[in-house]
Amino acid sequence: MKRKSDERAEQLTRRQFVAASALGGVAAAIGCRTGARGNWEFLNDGQARTLAAICDQIVPADQFPSASEAGVLTFIDRQLVRHFRSHQDAYRDGMEQANTMSRKRFGRDLADASQEQQLEVVGALERKANPFFELVRTHTLEGYYGTPRHGGNRDAVSWRMLGLDEPPLLGRAQYDPRKGSPS
Amino acid sequence: MKQVNAVIVGAGAAGGIVAKELAVAGLSVVLLERGRWYTANDCRKDDLRNQRTTVLGNAFGPDDDRNPRIVVNSKGELHTFLPSEGPYSNNAACVGGGTLSWGAQAWRFMPQDFKMRSTYGAPPGSSLEDWPISYDDLEPFYEKAEYEIGVSGDYSDDPFHRPRRRGLPMPPLPPGREFEILEPAAKRLGLHPFHIPMARNSVPYNGRGSCMRCRWCCGFACEVDAKNGSQNTVIPIALNTGNCELRTECMAKEILSDDRGRARGVAYFDAHGHLQEQIAGIVIVSCCAIESARLLLNSKSRLFPSGLGNRYDMVGRNLQGHQYTGALGYFAYDTYDDIGPGADIAICDYNHGTPGLRGGGMLANEFIRLPIHTIDRLPSGTPGWGLAHKKAMRDWHRRTIAIIGPTQQIPSAEARVTLDPSVKDKWGIPVARIQGNCHEHTYEIGDIQAERARKWLLEAGAIDTRLLNQAQNAEKLTRGPDANKVRSLSSHSDVVPAGQHQAGTCRMGNDPQSSVVNRVCQLHGVDNVFVIDSSVHVTNGGFNPALTIMAVAYYASDSLVRNWKGTGFRS
């Protein structure tokens with residue numbers, strides 16, 4: 001049986017999501033500008049482009065949005081000056097290494113490389129057991145699948161993808177504190 | 001500051017109960033709590049910041065700001081961990097303690113759990129021992145805890161807990177989909193499944209409504225206040241007597257002693273960081289196993305140069321918790337019903353009685369999963385990232401059941417809490433150092449429990465399974481942001497898994513040379529100091545320990561009140 005939430009999730013296709021995001025100024029935030037520091041708290045725009053490329057290999061786009069489209073960069077950027085402060089150096093070095101690797105292999109920045117080339121670089125980071133890779137993998141998945149409250153998983157897009165009601169219905173609509181619990 | 005009859009350090013599961021029992025009996029009480037008083041409004045449903053998933057910190061304390069503990073691995077290497085990092089072994093720091101945000105499984109131990117040494121014999125290298133009190137001594141107090149705190153469930157299909165005088169005050173919540181899948185499978189295997197006892201209102205109780213069955217349960221404060229802890233039951237009663245004053249954000253520094261070695265009160269830093277002294281006739285230590293040991297060890301005096309009650313170097317020893325193992329089952333259809341609290345079915349067939357094993361533990365289905373919990377729990381062989389990972393999240397998040405349980409640890413005297421000689425917290429108090437492990441046999445039992453969980457899942461129709469055994473747990477520690485630091489602790493064999501179920505550091509016993517408190521939780525050699533919390537557990541059962549902490553608190557308070565002579569305590 002198809003659940004209501006599944007249908008809703010399918011209605012929210014990637015194309016619609018990207019279009020909606022662009023209207024909301026998200027496309028600008030993921031790095032269409034260069035040079036200046038944009039709206040980031042930690043990243044500069046160049047780093048943001050590199051990080052977006054990496055995050056989007058960890059959670060790529062399919063019929064549902066990629067990591068950066070769902071706001072994961074905002075999540076990581078905010079936390080790099082908060083709870084992830086101690087990882088600032090690892091991020092700075094890791095993003096630089098990824099970019100260097102891309103330039104050496106393909107003669108261009110990671111952000112400008114093809115999907116296949118980006119995949120190769122991120123795969124190489126993992127095979128080298130680069131500590132930055134483990135950080136960015138974990139943080140990307142946490143941002144994508146965690147609560148929208150911290151900037152990732154915008155509009156609860158990953159929860160809808162998994163078929164979870166958003167806003168949650170069960171345990172709420174049926175709740176009447178004067179009676180027993182809903183079954 | 002006005003002198004009171006009793007000062008209690010720690011407003012958690014035990015401290016709240018002691019405060020209520022003493023205040024109702026007419027004693028004047030000051031209850032000190034290092035954390036804050038949160039309410040249902042602090043639920044926040046933040047799956048990255050709660051007491052179970054601490055990616056962005058602990059929601060209910062302690063915070064990471066200059067609050068470290070030092071963990072020593074088997075090679076003698078020292079590592080610093082913050083409260084939101086796993087090996088710190090955090091519980092909580094707030095009014096209610098762990099019972100504000102717990103999953104609320106409210107288990108009685110079984111009679112054998114109090115007689116582990118005489119049932120099984122102590123393996124060499126272990127400190128396995130019997131409690132000086134029995135299940136029968138505690139039974140009336142288990143019942144009191146079940147009624148005053150409020151427990152729902154149904155033990156009637158469980159043949160392994162001894163007959164009880166009264167049933168639970170509330171029926172179980174209606175079964176979820178996992179219950180319906182797992183119950184017939186367990187019965188086909190000859191097991192005895194039943195409803196988990198939960199400190200959660202299934203019907204209105206104690207003036208609060210019932211569970212609304214949402215997704216944000218274990219690790220969160222309950223949004224509708226239907227989950228029962230000391231903060232919404234006994235502590236309000238204590239305050240209503242007019243005899244109890246609760247002081248939050250107050251960090252105890254040390255227990256003060258007089259020239260004769262009796263305690264005269266507690267020195268603590270108040271919410272503004274000012275050092276205060278609360279003079280009292282009785283001091284009760286209820287800070288949970290690691291911090292209770294730390295407070296005693298930090299309370300040095302002429303008569304107790306190595307810490308109060310520590311004449312025989314026993315304070316801090318026998319640190320234990322639980323070894324959690326089990327299995328994940330992957331199903332061909334949706335097992336997920338989006339109805340909390342998720343955990344609802346358990347078996348106690350494997351707690352005792354397996355030839356060759358010294359004990360075991362309860363097995364139950366796990367609390368409702370949030371997407372964040374599925375990230376590293378996909379079928380073996382699934383890539384950790386990329387399109388395949390994203391697709392596997394879609395395929396499996398709603399089609400997984402986890403069965404896990406707490407294996408009773410075989411304690412060791414070498415697993416212990418000491419003071420770090422140089423590192424201090426933000427108040428300038430020496431921090432706890434954790435080292436040593438429980439007995440190796442614990443891990444053998446844990447791995448067998450994992451296989452048993454797998455068998456149950458396969459019988460229920462799982463098309464694939466994955467063990468959450470020792471090897472998997474060790475591997476899990478090597479993923480994630482703290483991987484490098486954790487990896488250097490090498491494997492499980494390094495440090496005891498204590499955490500939220502931490503216990504054992506102020507062992508209860510009749511012999512002052514091999515224990516810290518007597519059978520009514522009174523410190524050997526200091527008759528006006530009591531340790532009342534999980535620290536006194538000789539062994540920690542194959543169950544979540546909170547209801548036992550509560551029963552011991554009622555039991556010890558009962559003795560304390562009966563021996564109270566109006567102006568002082570005489571043993």
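**Exercise 1. Find how helix 4 and helix 8 of chain A are placed against each other, and which residues make their contact.**

Solution. This is a predicted model, in which local features need pLDDT of at least 70 and side-chain atom pairs count only at pLDDT 80 or more, while totals for chains, interfaces and linings use all residues. Residues are numbered from 1 along each chain as its sequence is written, with chains lettered from A and ligands numbered from 1 in the order in which they are written.

Step 1. Start with the geometry: the two helix axes, helix 4 and helix 8 of chain A, come within 10 Å and cross at roughly 70 degrees. Axes here are lines fitted to C-alpha atoms, for helices over the stretch in contact, and angles run from 0 to 180 degrees between N-to-C directions. Helices (H or I, at least four residues) and strands (E, at least two) are DSSP runs, numbered from the N terminus.

Step 2. Under 35 degrees counts as roughly parallel, over 145 as roughly antiparallel, 65 to 115 as roughly perpendicular and the rest as oblique. Helix 4 and helix 8 of chain A are therefore roughly perpendicular to each other.

Step 3. Now name the residues. Helix 4 of chain A brings Ile54(A), Cys55(A) and Ile58(A), and helix 8 of chain A brings Val136(A), Arg137(A), Thr140(A) and Leu141(A). Two residues are in contact if their C-beta atoms, placed from the backbone, lie within 7 Å.

Step 4. Sort them by class: five nonpolar, one polar and one charged. Ala, Val, Leu, Ile, Met, Phe, Trp, Tyr, Cys and Pro count as nonpolar, Asp, Glu, Lys and Arg as charged, and the others, Gly among them, as polar.

**Exercise 2. Describe the make-up of chain A and the side of chain A that touches chain B.**

Solution. Step 1. Chain A has nine helices and zero strands. Buried residues make up 45% of its 183 residues. A residue is buried if 20 or more other C-beta atoms lie within 10 Å of its own, exposed if 12 or fewer, and partly exposed in between, with C-beta atoms placed from the backbone.

Step 1. Turn to the partner chain: the contact takes 37 residues from chain A and 40 residues from chain B. On the chain A side, helix 4 (45–58), helix 8 (131–145) and helix 9 (157–161) each supply at least two residues. Helix 8 of chain A gives the most, with eight residues.

Step 2. By class, this side of chain A has 16 nonpolar, 14 polar and seven charged residues.

**Exercise 3. Work out how the two domains of chain B meet.**

Solution. Step 1. An automatic or database assignment supplies the bounds. In chain B, domain 1 covers 1–73 + 92–151 + 228–320 + 503–571, and domain 2 covers 177–201 + 213–221 + 322–408 + 441–492.

Step 1. The C-alpha centres of domain 1 and domain 2 of chain B lie 30 Å apart. Their contact takes 36 residues from domain 1 of chain B and 31 residues from domain 2 of chain B.

Step 2. On the domain 1 side, helix 2 (116–120) and helix 3 (135–150) of chain B each supply at least two residues. That side has 17 nonpolar, 15 polar and four charged residues.

**Exercise 4. Trace the four-stranded open sheet of chain B and the helix that lies across two of its strands.**

Solution. Step 1. The strand order is 4-3-16-15, with mixed pairing. Strands pair if DSSP finds at least two bridges between them.

Step 1. The edges are strand 4 (78–81) and strand 15 (416–424) of chain B, each pairing on one side only.

Step 2. Strand 3 (residues 69–72) and strand 4 of chain B pair in the antiparallel sense over four bridges. Within strand 4 of chain B, Leu78(B) is the bridge partner of Val72(B).

Step 3. Helix 6 (residues 289–298) of chain B lies across strand 15 and strand 16 (430–435), running at about 60 degrees to strand 15 of chain B.

**Exercise 5. Explain why strand 14 of chain B is largely enclosed, and find its antiparallel partners.**

Solution. Step 1. Nine of the nine residues of strand 14 (residues 400–408) of chain B are buried, so this strand is largely enclosed by the rest of the structure.

Step 1. Strand 11 (residues 322–330) of chain B runs antiparallel to strand 14 of chain B, joined by nine bridges. Gly326(B) stands opposite Ile404(B).

Step 2. Strand 13 (residues 363–365) of chain B is also antiparallel to strand 14 of chain B, with two bridges. Here Asn365(B) has Ile403(B) as its bridge partner.
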